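Let's walk through a structure together, one step at a time. Have the sequence and the 3D view ready.

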Amino acid sequence: MMVEHFPVLIIVLPLAGAFLMPLLARRQVKLCWPALLLILVLVLGMAVTLLWRLDSSGPYFYHLGGWPPPWGIELQVDFLRVYLLLVVLGLGLWIAVYAWRDLEHELKPELIGWYCALYALLIGSMAGIALTNDLFNLFVFMEICAIASCAVITIKETRECLEAGFKYLILSAMGTGCYLLAVALIYMVTGHLNFALVREALPEAAALYPNNVLAAAALIIVAFAVKAALFPLHVWLPDAHAAAPSPSSAVLSGVVIKIYAFALLILFYRVLPGSLLSAVPLNEVILWLSVLGIVFGSIFAMVQEDLKKMLAYSSIAQIGYVFLGIGLANRTALVGALYHLLNHGIMKALLFMAAGNIIHAAGLRRIKSLSGIGPKMPLTMLPFAVAGASMIGIPGTGGLIGKWFLALGALETGRLLIVIIIIAGSLLNAIYYLPIIINAYLNPLSEGVSFKPVPRLMTASLLAGAAAVIFFGVFSKPVVLLLERAVTGFF
Amino acid sequence: MEFLKSLSNNYYYLVAIILFVIGMHTMLTHANLIKKVIAMNIMDASVFLLFVAVGYVRGGAAPVIEASANRVYVNPLPGALMLTGIVVGISVTAYALSLVTKIFRYYGTVDADEIVEIRSQEQ
């Protein structure tokens, strides 16, 4: 049966597509985007099938090449993995539809084929991170993801892109270096790379060689904090996400940083033993760093003048909420964090796409220059306003639900201070999102701004995103139920 | 004394860690972009060294199993993993160097401090 092999096909299909894309680009550039979209639709369909099968037959493991662990690489299919897979592939497909039209204007024609290849590589590697159950395999996918995400930043080859890309590459190489060292330290004392086997062997190893295991845990935190831009290791993010072409910013800010937060979550609760987590307050470290991220990310965002830079700093604040759920170590909070992961992916991608639309139509990037464009670009600013409202957490939008569950989880653990910070974070978001929206609708248009028409497909994908934000705000129950099943067995 | 003894028995771990720290420090603090890339390689190589050292068994033979010979083999897995790691390292290095050449074409220098200076003069 083909269905058995879906987990590996979901990874291999985009990767194979990435390698064949340059060939296709040489023959028929026009077919590149349809081919990419076809691949993404196929893998999304496979992921939905996996979810459907999961519901009837339960979680299972897939052994690559038929080799069972400890020799072979194992992929795990359970609710959590498939949820993340759906987030990655769904958002990936949506952003790709937008990018199709946007990049025709933003990139040189000969680069379109390469961009498709990089995009497929990025999606394939993220699907790999979502499914893999092997420490070293995770490292390989992380490196593929790092190169692909740097490349989608630098593809425009302007000075800003190149510098931001290089900075990102160096810091992310530091992250993966730390991670690889952690893997070496864990392999030294356990002799395994498979998540489940490592988890079994670690308590004993931690008793014999506590230094090794502690150092590994610390390195893992540093590695993923750099990769996911957890404060104070976020320095690469604003430049990288602001300089990239808009679709790249959308996929990087919306999906890529989330996948690393998710990888940390898996390593934390499925690999490191619970006894270690209770002996050393690793949770507290993550918790307070994420609190700092929520506060300072928002404060930095307030003082930005460039729209895309502001959105990038806002991502640092929002990734703080996801880490908050990991740090609180509570089921409800984790459900909130995972729900926020989906929603922030949609909102932030939507905001970057709206910024892309504005740049495309009027060439405006400065926040102050956006006054009065609301009536001129209604179909762009309406989704922008919806996403901004969702960032603040206004009822009826998806942003509220995630924060709501996070706050409930914080209350369950008796941390009133965290609840206050979650609410304060929302207010901080309001301080920098509301003025843009008010300025765009109520103030007069500044002179000398002309508007080019925006391709319909770009606007349509914006509207679809706005609909999704409201949909997940109103009908949150199915996803929350899925997530509650996903996080069983964590605590 | 105990500590020093275990240190001298496992000196390759110490060497790996020292190399790792040198690489990381240079990568984060040095202004020269090429040296940053070199430092990245030193850091990677230190982890490769550590991994391979972990898999080594004193007096072990290469892991080609012969039915007749009854001998000790070194652990082949870290070696195989590090081959993958080296390939990954090479591709990152190649990409980083290509970025450096493009940056050099814009600024005529590979020194991060000078680039900052050039940019501040333009503004």
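Of the 123 residues of chain B, 23% count as buried, meaning that 20 or more other C-beta atoms, placed from the backbone, lie within 10 Å of the residue's own. This is a predicted model, in which local features need pLDDT of at least 70 and side-chain atom pairs count only at pLDDT 80 or more, while totals for chains, interfaces and linings use all residues. Residues are numbered from 1 along each chain as its sequence is written, with chains lettered from A and ligands numbered from 1 in the order in which they are written.

What is chain B built from? There are five helices and zero strands (DSSP runs of H or I with at least four residues for helices, of E with at least two for strands, numbered from the N terminus). The radius of gyration of chain B, taken over C-alpha atoms, is 21 Å, well over the 14 Å from the globule rule (2.2 Å times the number of residues to the power 0.38), so chain B is more spread out than a compact globule. Its C-alpha trace spans about 75 × 40 × 15 Å along the principal axes.

Now look at where the chains meet. Here 25 residues of chain B are in contact with 21 residues of chain A; contact means C-beta atoms, placed from the backbone, within 7 Å. On the side of chain B that touches chain A, α2 (11-29), α3 (33-55) and α4 (76-107) of chain B each supply at least two residues. Helix α4(B) gives the most, with 12 residues.

Key
Two residues are in contact if their C-beta atoms, placed from the backbone, lie within 7 Å. A residue is buried if 20 or more other C-beta atoms lie within 10 Å of its own, exposed if 12 or fewer, and partly exposed in between; C-beta atoms are placed from the backbone.
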